[in-house]
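Trainee: I am new to this structure. Please show me how to read its features.

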Amino acid sequence: MWMNGGWGWMPWGWIFPLIFLVLMVVFMVFMMRGGMCGGSHKTSGSAETPRETLDRRYARGEITREEYQQMRKDLEG
């Protein structure tokens, strides 16, 4: 009635949980990389341009207006 006394499936019984685990890891990596959001939004790891960095520093008050203007000239020329 059962193949090999009912133990015929056991040598292959580990394959389905392994496939499920691999699929779960792939899904989690996909989600963490912004796969469902289209990747159009900025993440913390995305590179920002020097101008954006300069604007951010000026907005936070890390540099003065004169420093901002000089650095902006340096970036443009």
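Mentor: Start with a term. A salt bridge is a side-chain nitrogen of Lys or Arg within 4 Å of a carboxyl oxygen of Asp or Glu. Note also that this model is predicted.

Trainee: How many salt bridges does the structure hold?

Mentor: Side chains of opposite charge can pair when their charged atoms come close. The structure holds 5 salt bridges. In one of them, Glu-62 pairs with Arg-60 at 3.8 Å, N to O. Arg-60 is exposed, at 57% relative accessible area. Glu-62 is partly exposed, at 43%.

Trainee: What pattern does the chain follow along the sequence?

Mentor: The pattern is α-α-α. The protein chain has 3 helices and 0 strands. Helix 1 (residues 15-32) has 18 residues and reaches 26 Å, close to the 26 Å expected. Gly-34 follows helix 1, with a positive phi near 85°.

Trainee: Which residues form the nonpolar surface patch?

Mentor: Trp-14, Leu-18, Leu-21, Val-22, Val-25, Val-26 and Val-29 form the patch, with about 650 Å² of accessible area together. Leu-18 is in helix 1. Its relative accessibility is 40%, so Leu-18 counts as partly exposed.

Notes
Residues are numbered from 1 along each chain as its sequence is written. This is a predicted model: local features need pLDDT of at least 70, side-chain atom pairs count only at pLDDT 80 or more; totals for chains, interfaces and linings use all residues. Side-chain values use heavy atoms; hydrogens and water are left out. Helices (H or I, at least four residues) and strands (E, at least two) are DSSP runs, numbered from the N terminus. The expected span of a helix is 1.5 Å times one less than its number of residues. Patches are made of residues with over 30% relative accessible area and no salt bridge: like charges are joined within 9 Å, nonpolar side chains (Val, Leu, Ile, Met, Phe, Trp, Tyr) within 5 Å. Accessible areas come from the Shrake-Rupley method with a 1.4 Å probe; for residues, only the protein chains shown count as cover. Buried means under 20% relative accessible area, exposed over 50%, partly exposed in between (1.4 Å probe, protein chains only).
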